[in-house]
Every structure is written in structure tokens, then in C-alpha cells.
Amino acid sequence: MTLSETPDQVAARVLEVCVESFQDAVLAVDAGADRIEYCSALALGGLTPTPGALAMIGNIKAPCMVMIRPRPGNFCYDANDCAIMKHEIAMARACGAAGVVFGATDDAGQLDTDILRDLMAECAGLEVTLHRAFDEVHDQFGALEQAIDLGFERILTSGGAPDANTGIDRIAALTERAAGRIVILPGAGISSANAADILNKSGAHELHASCKADVAAKVDGAGRVKVAPDRVRALKNAMDI
């Protein structure tokens, strides 16, 4: 706790853990995760969970933000991609998700506000996070204002850098510019070793991490990203210092 923070502010700190399976979601929550970003295929950057995985959300004892990403690759989507994403948003809501996570960019390196507005129209009653597509735009401060206008509750970002520690100055500037209008959620490379420093320097009160195990098991040649409960526990403890 910093000198400027009250105990209530520290209690409000939130750890979101990104997982690619129901089993890992349960392990992460048991280890102290406050919120889950629920995905599949984290080795590909995270895709929409399968229908079977979505059906298990009610058995996860923490709010779940569901990744809405219909394919790997870039975040430039066409009408067919958008139609699929709308269907996935509806499925996430029906299965009890607290919210959804998505992003879209255009060929000019800006947020695709037309696609995002279309998707946001399907999100009534859900929290919505703009994911790290935000880190690919050329003007993050302009994109911040667009995200607020579109109605996003949260932006997941590394400040346009490879990791949040490297991008900490930009994250701090975004938090200051946001001025409470939207949550800035630092993510990428977050660990117990740097959590307190990132919180203190950025002014953020939420962190996003995968807390993955050192060695990823290989399944059919693809990377299996497994959560390490001890890393979740250590990170949550570090956030409360």
C-alpha cells in the first residue's frame, strides 16, 4: 500500500487471470484470481472458447470475461467475422459470462469504429473490454477517446510496448488521460516481481496476467498454456503489499 492509498483502495485491486481451459480457470480462482479472462488457444493469442467450455462458466466462482476472437491472425475483420462474433457474444451471455473481450482495427492502424460499434450493440448487460488490438493502433490517446465514446468499460494494454513494464510510462499517461472514465488494465509480462511497481507507477488498480507454468505441455504439436497456481497466489499477494 502506498502512502496515498487507503485500505479500501487496496482492497479494490483486482487480478484478472487469462486462461485457456475450465480446469485452469478453477485453479486460478482457487489461488486468488478475482476475475477470469476465458479463452481458448492462448498460444495463438487467445480465441473464443468452445461451446462446451462456455457451458461451464456457471461452475467458475469468479466473474468471467469471455474472449471474442473467431480466428488467429490480425484484428481486421470482415462482415462474416463480425457475424460470427455477434453469435459468440450471444452465446457468452446465455452461458452466464460477466462480459466479453474483443477489438478490431483497420488497415490504416486505427480502431475500426464501425465494426466495434456494431459489436457493442450486441453487448447490452455485459461488461466489455477492448483487448490488446489497442496496442497496434498508431494513436493510443485518440483510440482511448474512441473507446470511451463506444462504451467500453476497460482497455487491456501494455502501452504499445512488448510488455507492461517497458510500456509503463505510456500506461501511466493513459491512466491519467482516462481520468476515471474508463479502466486502464495493464497486461503482458506481469508477475509478482513487478506487480507493485507497475501498480504504483501506472496508477492502475487492476492487473492482467496469464501466470503460466514454466514448461508448456505439448499437445499434438501445439503449445498448451497452463496456469501455475503458485504464480497466481504470489501475484495476488504482491498486489496487496
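Tutor: Start with one term: a residue is buried under 20% relative accessible area, exposed over 50% and partly exposed in between (1.4 Å probe, protein chains only). Arg13 is buried, because its relative accessible area is 3%. Arg13 sits in the loop between helix 1 (7-11) and strand 1. Helices (H or I, at least four residues) and strands (E, at least two) are DSSP runs, numbered from the N terminus.

The model is predicted, so local features need pLDDT of at least 70 and side-chain atom pairs pLDDT 80 or more, while totals for chains, interfaces and linings use all residues. Residues count from 1 along each chain as its sequence is written, and side-chain values use heavy atoms, without hydrogens and water.

Two strands pair if DSSP finds at least two bridges between them.

Strand 6 (154-157) and strand 7 run parallel and are joined by 4 bridges. Arg154 has Val183 of strand 7 as its bridge partner.

Contact means heavy atoms within 4.5 Å. Axes are lines fitted to C-alpha atoms, for helices over the stretch in contact, and angles between N-to-C directions run from 0 to 180 degrees.

Strand 1 and strand 8 run parallel, with 4 bridges joining them. Val14 stands opposite Glu206 in strand 8. Glu206 and His208 point one way from strand 8. Leu207 and Ala209 point the other way. All four are buried.

Stay with helix 8. Helix 7 (168-178) packs with helix 8 at an angle of about 45 degrees. Their axes are 8 Å apart. Helix 7 and helix 8 are therefore oblique to each other. Oblique is what remains after roughly parallel (under 35 degrees), roughly antiparallel (over 145) and roughly perpendicular (65 to 115). Helix 7 brings Ile168, Ile171, Ala172 and Thr175 to the contact. Helix 8 brings Ile198, Lys201 and Ser202.

Next, the loops. Most residues other than glycine have a negative phi. Ala188 has a positive phi, near 95 degrees. Ala188 lies in the loop between strand 7 and helix 8. Ala188 is buried, because its relative accessible area is 17%. Ala41 also has a positive phi, of about 50 degrees. Ala41 lies in the loop between strand 2 and helix 3 (51-54). Ala41 is partly exposed, because its relative accessible area is 26%.

Finish at helix 5 (113-120). Its buried residues are Ile115, Leu116, Leu119 and Met120. They lie on the same side of helix 5, because they cover an arc of only 130 degrees around the axis. That arc uses the directions from the helix axis to the C-beta atoms. Their packing partners are helix 4 (79-94), strand 4 (99-102), strand 5 (127-130) and helix 6 (140-150).
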